[in-house]
Structure formats: structure tokens, C-alpha cells
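The sequence and structure are shown first.

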Amino acid sequence: MPTAPPRHPRRLVFLGTPDAAVPALRALVDAGFDVALVVSQPDRRRGRGGATSPSPVKAAAVELGLPVTDRVDDALDVGADLGVVVAFGRILRAEVLDALPMVNVHFSLLPRWRGAAPVERALLAGDAATGVCIMEVVEALDAGGVHTRAEVPVGDDATAPGLTAELARVGADLLVATLRGGLGAPEAQEGEVTYAEKVTSEDLHLDWTRPAGELARVVRVGGAWTTFRGRRLRVWSAAPADDDPEEAQPGLLAADGATVSALTGEGRLVVDEVQPEGKARQPATDWAHGARLAPGEVLGP
């Protein structure tokens, strides 16, 4: 059985990897907590080129002068009384959780969106709000009790990177407030459980028979794609039009020099930024001008 955390933990181990975990690490240090060790994923090749680089959390830890390791078992050897997990990217073994109590900063309002991609799934589902939970880490995925939570609205133009950054900021503040206020008994999660599976290429495929609002949400996740003249075309920015077109051929393109749009199964989607296969991102109007669109051309399938 996991050990219960002290009510006021002071000596911590921080486990995290991506940019979204860095605000929480910095907030703990700024608040005066003793971060005895940072555990992050090993250095990997990131971006183009063959050189490896540290994870964002490791880079921040080095800047802050904190000891860093990529071995989870090292967390048990530094006399910490609590582990703090933020987007670490690995499942923690039961024997580790039994030896060191841990809390997790999870980017959803549990039990909605347990799993790997809670922000992206909230966007795809059209959730009006999401949030952050400070929860106990148990062996079952994201099933622990919740100490504190904070709700964050999802704006109509929210993107996955922007919403993740906002949740990271809110989560860092909530984490510090929770630890300062004292860890009591967490409350069991109540309500319908949903799971946030990793987003796949198929999830990001723009099916032009779907409504324009739904396709706009896919675009706001990032990496949405369709095809044009048999080649892949990524769509980086788009929004539903306000009008109600009479034509109904899904994917039918229209360009008037100022805007580029495509018909969908319900409404019209105005496309603002695209990336043709093998080329850089560019305004959709520039792309349409260069492509010399012919009447009747369509995007997709």
C-alpha cells in the first residue's frame, strides 16, 4: 500500500519532462520548497539533426542548480517526503509508489479525460471547460483521489499549445497553494470516467463531410491535414464562416483573393494558414494564388 504523504511536505522529488511541466518546477523552487532531485526522461534527439538535447525540465533543473537523473529509483535515495509528477511520460512502478507518496498535476477535471492527451481530447470533444487536478498517484492510471482542482474555460479560439500553457500556469499556482495549505485526505473521483487516448494521424484527418465547427476544433489541436491534388496539405489555422452556403459539396474550394474556404458537411470553413507537403507554412491566400485553383477543385478525401 502507498505511504500517506505528510500534511506539509517540504523535501520533494520532481518528476517531469516537457515544457508544460517547467512552470510547476519553477513555482516550487520560487516558493521555497526543497527540491532534492529532478527526474526526467533521458536526453533525446529533438528536432532536426543528430545531436541529442535535454528535456525542457532537465534544462530548467540545470539552470536552477538542481540535481537531475533519468533513473526513477534514484528518487527513493534522497530522503524526500513527497514526489511531484507533472507530465513525466512514464508509468511509475507500484514498489516506487509504495515507498514514496506522490501527487500528480493532471490537466483535466477528473474523472473526465484520464490518460495521455487530456487537453487535445477536451478540444476535440468541444468541452466548454477543462481544468487542473492535484491528485494522489496510484497504480491505476489517473484513478487517485483529488486534493484540489481548478476549472479553466475553453475559449472558442483556444489551441492545444495555448490551452496547455494556460493549464500549466494554473496548475503551478494550484500545486504550491495545495502543498502550502496542507495535504488532507483526497476526495474520490465522482462522475463518468472518460479516457484521453493519444491523438493519432487519423484523428487529425479533416473529413470534409463533418460540420465546419468540428473541423475547426481538429485544426486547433495542431497538425490537421487533408489532401490537395493527391498530396498532403496541413491546415494550421481555420475558423467556421458565419454564412450558410447553398452549395453542399464537401471540400469544394473557393478563393476570392482575400479568403480561402472549403465547404463542409455543415457550413463553410475559412482556411487561414496551410503547409503544402515539403514546403513551409504560409497564408492560405498565398498558397491558393500559387496553386492557380481551377473551378470545382476540392480538398480531400
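## Strand β7 and its antiparallel partner

In this predicted model, His106 stands opposite Cys133 in β9. Strand β9 covers residues 129-136, and four bridges join it to β7 in an antiparallel arrangement.

## The parallel partner

Strand β6, made up of residues 82-86, pairs with β7 in the parallel sense, with three bridges between them. Within this pairing, Val85 stands opposite Asn104 of β7.

## Burial of β7

In a regular strand, side chains alternate between the two faces of the sheet. Both faces of β7 are covered. Met102, Asn104 and His106 lie on one side, Val103 and Val105 on the other, and all are buried.

Buried here means under 20% relative accessible area. Because five of the five residues of β7 (residues 102-106) are buried, the strand is largely enclosed by the rest of the structure.

## Packing of α1 against α5

Helix α1 spans residues 22-30 and helix α5 residues 160-181; their axes come within 8 Å and cross at roughly 35 degrees. The crossing of α1 and α5 is right-handed.

On the α1 side, the contact is made by Pro23, Ala24, Ala27 and Leu28. Helix α5 contributes Ala168, Ala172, Leu175, Val176 and Leu179. By class, the residues of this contact between α1 and α5 are nine nonpolar, no polar and no charged.

Note on methods:
Residues are numbered from 1 along each chain as its sequence is written. This is a predicted model: local features need pLDDT of at least 70, side-chain atom pairs count only at pLDDT 80 or more; totals for chains, interfaces and linings use all residues. Side-chain values use heavy atoms; hydrogens and water are left out. Buried means under 20% relative accessible area, exposed over 50%, partly exposed in between (1.4 Å probe, protein chains only). Helices (H or I, at least four residues) and strands (E, at least two) are DSSP runs, numbered from the N terminus. Two strands pair if DSSP finds at least two bridges between them. Axes are lines fitted to C-alpha atoms, for helices over the stretch in contact, and angles run from 0 to 180 degrees between N-to-C directions. A crossing is left-handed if the near helix is turned anticlockwise from the far one by less than a right angle, and right-handed if clockwise. Contact means heavy atoms within 4.5 Å. Ala, Val, Leu, Ile, Met, Phe, Trp, Tyr, Cys and Pro count as nonpolar, Asp, Glu, Lys and Arg as charged, and the others, Gly among them, as polar.
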